[in-house]
Amino acid sequence: MKFVELARVYEKLEATSSYNSMRDILAKFLKAAGKDELRVVCYLTLGRIAPHFADVNLGMAEKMVLRGIADAGNVQDSSVLADYKRIGDLGEAAERYASAKPQLSVKEVFDGLHSIAEIGGSGSQEKKVKLLSSLLQRSSSIEARYLVRIALGDLRLGAGDKTVLDALAIAYTGSKEARSVLEHAFMICPDIGKIAELLVKKGLKAVENVNIEVGIPIQMMLCQRVESLDELKKRTGFPVTVEQKYDGERIQAHRLGRKVVLYSRRLENITSQFPDIVSAVEKLPVKTAVIEGEVVAVDAKGNVLPFQVVMQRRRKYDVAEYVRRVPVSLRVFDVLFLNGRDLIRTEYEKRYALLRKIIKKGKSVELAESTLCNDVKCAEDFFQDIVQEGGEGIVIKSLSGEYQAGVRGWNWIKWKPEYVAGLRDTFDLVVIGAFYGRGRRAGKYGALLCAAYDDKADQFVSFCKLGTGFTDELLDELPEKLRKVDHKPARVEAKGILPDVWIQPELVVEVGGAEITKSPTHALGFALRFPRFLRFREKKPEQATSVREIKKML
Ligand code: ATP
């Protein structure tokens with residue numbers, strides 16, 4: 001397949017905002033892709049060259065891309081810069097310097113981009129620029145526009161993973177109903193290229209039976225919540241396992257022979273941050289395994305320390321020093337794969353029995369505190385004990401429950417002190433925009449536009465303007481944490497209050513608030529009154545509080 005065909009599809013997708021039209025355009029296009037190209041085409045339609053978790057990065061800043069365009073067009077950087085300033089978009093600026101006949105294949109572009117990503121070491125910047133330039137020299141104007149946007153990691157099409165899964169269902173099964181099968185498979189194996197390939201080569205049944213592959217992260221299961229512990233009677237029944245809910249960072253550890261990989265809840269590879277956990281997992285008496293737990297900071301006696309302490313371990317530099325300064329322990333609560341056996345559909349009671357065999361109390365790893373309960377009173381007592389010792393709450397787990405990958409299912413139910421007081425949970429919202437500060441906050445961002453996630457439309461919908469609860473240090477950190485873009489990002493819906501700067505919907509913040517009121521000033525039609533920043537969350541934007549959950553609270 002020629003890259004220009006893909007570029008034309010990008011153009012069509014860019015011009016449409018309707019979810020259904022996007023899905024249909026994609027379905028038609030994906031159907032036309034050859035069996036052997038489908039994997040590559042799927043990644044590229046999402047503006048990527050590998051699945052999210054693979055951490056493959058082109059490593060090209062705007063300046064480098066600009067130099068690549070100038071090099072390809074044989075002009076001065078300043079000339080491209082002037083165009084960029086005038087047009088406001090580097091992709092469109094690149095069009096002006098591209099005049100080749102369409103000749104690139106999708107595969108050539110994919111391989112070229114991979115080569116750029118692989119270059120490292122000294123002189124890597126120059127080499128990356130040269131490689132991009134050579135692709136641009138062989139590009140027509142429309143190809144150059146999108147090539148540059150992919151290189152910048154800013155394709156800005158409205159299509160996300162869900163749209164592509166939906167389109168695949170239509171293209172290769174002829175029915176929308178297959179979407180739920182594909183979505184479920186994507187929870188167990190969040191590699192869209194792989195799912196597509198399985199579908200086209202082995203059929204829907206093979207997708208339905210997709211298994212865990214050690215090394216590929218599984219989307220993590222989440223908890224439901226109840227109004228009162230009495231509700232357990234109808235939700236899970238008894239007996240149940242009741243566990244301490246730790247307030248640290250969720251880790252999914254994959255062990256394949258001697259190799260260990262750790263994934264965060266956002267499915268990011270965080271192996272290098274926790275060498276101590278890696279060596280503890282290396283010592284487990286298993287050949288292959290996927291286990292899950294919460295990593296917490298501990299004092300010399302092994303007591304759990306607050307969340308803020310473990311957060312100091314979230315760093316790329318000075319790791320060895322912080323391993324010494326902030327000792328941690330992984331409190332393990334699940335096993336999804338063990339010695340060649342996929343346990344995702346196995347009931348929790350059996351998974352837990354296996355877990356007990358492999359996890360012995362050690363310095364850096366031990367089982368989560370838990371008890372077996374036959375009635376509400378027992379769960380209540382355990383909860384009181386945990387909270388008195390400073391714990392965040394409990395998680396109640398159905399003994400017969402499967403591991404519901406990526407789902408907020410009823411097999412896990414959380415219970416926290418604030419629920420007892422009848423208080424509402426806080427909101428986890430996605431930052432979609434920022435406002436410049438005034439007065440003391442001049443020169444910084446002073447407030448953020450935050451959105452809830454609409455899982456039906458796969459969009460981020462504005463819900464509140466957040467300006468309270470930030471310390472000066474936090475405000476200083478914001479520009480580094482937020483990726484600003486010069487246009488409203490794809491999949492973002494906002495109206496009424498619009499920000500000074502649009503932000504890629506990537507960062508999730510926990511927000512407290514007084515009440516939800518009707519409001520025309522936000523796209524959701526409702527607004528959170530008196531929102532207050534609480535903390536940054538280690539969540540994917542699609543795991544933020546959903547529009548559906550907010551509507552249930554009204
Ligand atoms: P909250 O905002 O209430 O902390 P959340 O939205 O982050 O919750 P939930 O799905 O409600 O996520 O709660 C599950 C999270 O709790 C997990 O992602 C995990 O990080 C943490 N956790 C701590 N202890 C346990 C445990 N014993 N079992 C399961 N999850 C646990």
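**Entry 1: nonpolar cores**

I looked up the largest nonpolar core in this predicted model, and I found that this core has 102 residues. I noted the members with the most contacts inside it: Tyr10, Leu44, Ile69, Leu90, Leu113, Leu168 and Tyr403.

I then picked Tyr10 from that list and asked which residues it is in contact with, leaving aside its neighbours within four places in sequence. I wrote down Phe3, Leu44, Thr45, Tyr146, Ile150, Leu155 and Leu157. Leu44 stands in this set of contacts, and I had already listed Leu44 among the core residues with the most contacts.

I also recorded another core, which lies apart from the largest one and has 35 residues. Its members include Phe307, Met311, Val328 and Leu343.

**Entry 2: the two domains**

I checked the domain assignment of the protein, which gives domain 1 as 222–419 and domain 2 as 427–553. I noted that 10 residues from domain 1 and 9 residues from domain 2 take part in the contact. As for the distance, the C-alpha centres of the two domains lie 29 Å apart.

**Entry 3: the area between them**

How much area is buried between domain 1 and domain 2? I found about 960 Å², and carbon and sulfur atoms give 39% of it. On the domain 1 side, I saw that Arg265, Arg266 and Arg314 lose the most area to domain 2. Together these three arginines make up 59% of what that side buries.

**Entry 4: charges and polar contacts**

I looked up the salt bridges between domain 1 and domain 2, and the count is 2. I also looked at the side chains of Asp247 and Arg535, which meet in a salt bridge at 3.5 Å, N to O. For polar contacts between the two domains, I noted 4 residue pairs. Last, I sorted the residues on the side of domain 1 that touches domain 2: 7 are charged, 2 nonpolar and 1 polar.

Notes:
Residues are numbered from 1 along each chain as its sequence is written. This is a predicted model: local features need pLDDT of at least 70, side-chain atom pairs count only at pLDDT 80 or more; totals for chains, interfaces and linings use all residues. Side-chain values use heavy atoms; hydrogens and water are left out. Domain bounds come from an automatic or database domain assignment. Contact means heavy atoms within 4.5 Å. Buried area is the accessible area (1.4 Å probe) that two parts lose on being put together, summed over both. A salt bridge is a side-chain nitrogen of Lys or Arg within 4 Å of a carboxyl oxygen of Asp or Glu. A polar contact is a pair of N or O atoms within 3.5 Å; within protein, one must be able to donate a hydrogen and the other to accept it, and residues adjacent in sequence count only if both atoms are side-chain atoms. Ala, Val, Leu, Ile, Met, Phe, Trp, Tyr, Cys and Pro count as nonpolar, Asp, Glu, Lys and Arg as charged, and the others, Gly among them, as polar. A nonpolar core is a set of buried Ala, Val, Leu, Ile, Met, Phe, Trp, Tyr and Cys residues joined through side-chain atoms within 4.5 Å. Buried means under 20% relative accessible area, exposed over 50%, partly exposed in between (1.4 Å probe, protein chains only).
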